[in-house]
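Have the coordinates open while you read.

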Amino acid sequence: HRRGTLDAAESVFSTARDWADRQGALSWSLRIAASAARLRQDMGRSEAAHSELAAVLDRFTEGKDSGDHVAARAMLGHLFDFSRKQSRQ
């Protein structure tokens, strides 16, 4: 049951990101990607979380000092470290 709930949440995040991207709302896309990254990490999918978040961060050309961007970069570093630890086990 929990897995189905997590999969449903992941689907909602994906749909929301699609809408944000269509509207050119990069900051919203970043917030959604960060939330989805936390969910994916909880699901044991840190590499997928890292990939999506990195892709959104790479699209920024300005606003890199915003709170959301700073927090997402910190999360990205955490996901990278977590993925490396998991791959060593």
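1. One cut-off before we start: a residue is called buried when its relative accessible area is under 20%, exposed when that area is over 50%, and partly exposed in between. Glu-10 comes out at 13%, so it counts as buried. Keep in mind that this is a predicted model.

2. Where does Glu-10 sit? Its place is in helix 1, which covers residues 2–22. Leaving aside residues up to four places away in sequence, Glu-10 touches Leu-39, Arg-40, Met-43 and Arg-45. Two of those names, Arg-40 and Arg-45, come back below as salt-bridge partners of Glu-10.

3. Start with Arg-40. This arginine forms a salt bridge with Glu-10, and the closest N and O atoms are 2.6 Å apart. The pair links distant parts of the chain, with Arg-40 in helix 2 (residues 26–42) and Glu-10 in helix 1, 30 residues apart. Arg-40 has a relative accessible area of 11%, so it is buried.

4. Now Arg-45. Glu-10 forms a salt bridge with this residue as well, and here the closest N and O atoms are 2.4 Å apart. Glu-10 lies in helix 1 while Arg-45 is in the loop between helix 2 and helix 3 (46–58), so this pair ties together parts that are 35 residues apart in sequence. The two side chains also show up as a polar contact, at 2.4 Å. Buried or partly exposed: which one is Arg-45? At a relative accessible area of 31%, Arg-45 is partly exposed.

5. There is a further pair to look at: Arg-17 forms a salt bridge with Glu-52, with the closest N and O atoms 2.5 Å apart. Again distant parts of the chain are linked, Arg-17 being in helix 1 and Glu-52 in helix 3, 35 residues apart. Both Arg-17 and Glu-52 are buried.

6. Zooming out, how many salt bridges does the structure hold? The count is seven.

7. A quick geometry check on helix 2. With 17 residues at 1.5 Å a residue, the helix should span 24 Å, and its end C-alpha atoms are 24 Å apart, which agrees. The buried residues of helix 2 include Leu-26, Leu-30, Ala-33, Ala-37 and Arg-40. As a reminder, an α-helix has 3.6 residues a turn, so residues three or four places apart point the same way. Just after helix 2, Gly-44 takes a positive phi of about 80°.

8. Last, Met-43. Its place is in the loop between helix 2 and helix 3, and at 12% relative accessibility Met-43 counts as buried. Which residues does Met-43 touch, not counting those up to four places away in sequence? They are Arg-3, Leu-6, Asp-7 and Glu-10, which brings us back to where we started.

Key
Residues numbered from 1 in each chain as written. Predicted model: local features only at pLDDT ≥ 70, side-chain atom pairs only at ≥ 80, totals over all residues. Heavy atoms only, no water. Helix = DSSP H or I, 4+ residues; strand = E, 2+ residues; numbered from the N terminus. Polar contact = N/O pair within 3.5 Å; in protein donor to acceptor, adjacent residues only side chain to side chain. Contact = heavy atoms within 4.5 Å. Salt bridge = Lys/Arg side-chain N within 4 Å of Asp/Glu carboxyl O. Buried < 20%, exposed > 50% of the residue type's maximum accessible area, 1.4 Å probe, protein only. Expected span 1.5 Å × (residues − 1).
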